[in-house]
Amino acid sequence: MAVSGFDIDVPRWDQSTFMGRLKHFANITDWRTALLPDSRLDEAKALVESCRAGSVPPGTTEEQLLYAKKLYDSAFHPDTGDRMNLIGRMSFQVPGGMAITGGMLQFYRTVPAVVFWQWVNQSFNALVNYTNRNAASPITPNQIGVAYLTATSTALATAVGLNFYTKRAPPLVARWVPFAAVASANCVNIPMMRQQELLNGIAVTDENGNKLGHSKKAAVKGITQVVISRITMAAPGMSTFQRITFFHGPLQVIMVGASLSLFLSLSFSSMAVSKLEPELRESILCHYGDSVQYVYFNKGL
């Protein structure tokens, strides 16, 4: 069906509902979009920009516009409009996270293996955090370097230390070493990478996407939720079949992939206006009265 006057920036699903936000983020984090070449992504961006300018090419259907918007949202930074590197895109989190987390949980018996996989994981996390940073709250190269080195050192110290400590422990206990390292590193890496949001606040909107201001409390809540979700993502992979060791690796990778797919779809959060900073709360009440009871924000992934 050909379209004219189509507003491509209107959310496809109701963002004020949980299911609407779930469908939206499941759509833009679809791992299949990571397989497309840059030329196809650039075509999608050109179509989106043409639609915004009111010049939709003749014969373009609504389905084509919606798919182009999906590709645009999955591959281009929402603040700058620049194409993000492949590894840092959220659409790459499922295949990339599956491979790395599966490797960490499977190869944990020797120190070189532990060091290698923890370094790979933290390098991957640092790139993802940098790629998806809030352009309105820039982070300096020094801050990025400190966050990366601190998180990597924390992960390595935890993993190697526990690896030695559990040498004589039952195999089931030893298998929790990489999980402990991932958990401790995430507690350091994510807050440090997003320290500007903690200092300056994160943008909050009403249910229609209208910006209401910035909130440090929302940033704390969002980043805390991200840390918990990142840790929880790795938890399913700790399950094991003690008698059928052949299934260890495949099972861990599959379960991590399922966990990643779920949590990647839950990146929006909300907060009651009554729990915001007094000055922001008063500003919202002054401009909107009691019509706005909750604010919404992108807590990140």
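How are α4 and α5 oriented relative to each other? Before I answer, please keep in mind that everything I describe this morning comes from a predicted model.

Let me begin with α4 itself, which covers residues 93–106, and whose 14 residues span 19 Å from the first C-alpha to the last, close to the 20 Å expected at 1.5 Å a residue. This helix is mostly covered, with 11 of its 14 residues buried, and among the buried ones are Q93, G96, G97, I100, G103 and M104.

Now to its partner, helix α5, which comprises residues 111–131: the axes of the two helices come within 9 Å and cross at roughly 155°. An angle over 145 degrees counts as roughly antiparallel, and α4 and α5 are therefore roughly antiparallel to each other. Their crossing is left-handed, and the contact brings Q93, G96, G97, A99, I100, G103 and M104 of α4 against W117, Q118, V120, N121, F124 and V128 of α5. Sorted by class, that contact holds seven nonpolar and six polar residues, with no charged ones.

I would like to set beside this a second pair, namely helix α2, residues 38–52, and helix α3, residues 62–75, which pack at an angle of about 115° with their axes 8 Å apart. Here, too, α2 passes α3 in a left-handed crossing. On the α2 side the contact is made by R40, L41, A44, K45, L47, V48, C51 and R52, and on the α3 side by Q64, L65, Y67, A68, K69, L71, Y72 and A75. The residues of this contact divide into 11 nonpolar, one polar and four charged.

Note on methods:
Residues numbered from 1 in each chain as written. Predicted model: local features only at pLDDT ≥ 70, side-chain atom pairs only at ≥ 80, totals over all residues. Heavy atoms only, no water. Helix = DSSP H or I, 4+ residues; strand = E, 2+ residues; numbered from the N terminus. Expected span 1.5 Å × (residues − 1). Buried < 20%, exposed > 50% of the residue type's maximum accessible area, 1.4 Å probe, protein only. Axes fitted to C-alpha atoms, helices over the stretch in contact; angles between N-to-C directions. Left-handed = near helix turned anticlockwise from the far one by under 90°. Contact = heavy atoms within 4.5 Å. Nonpolar A, V, L, I, M, F, W, Y, C, P; charged D, E, K, R; others polar. Parallel < 35°, antiparallel > 145°, perpendicular 65-115°, else oblique.
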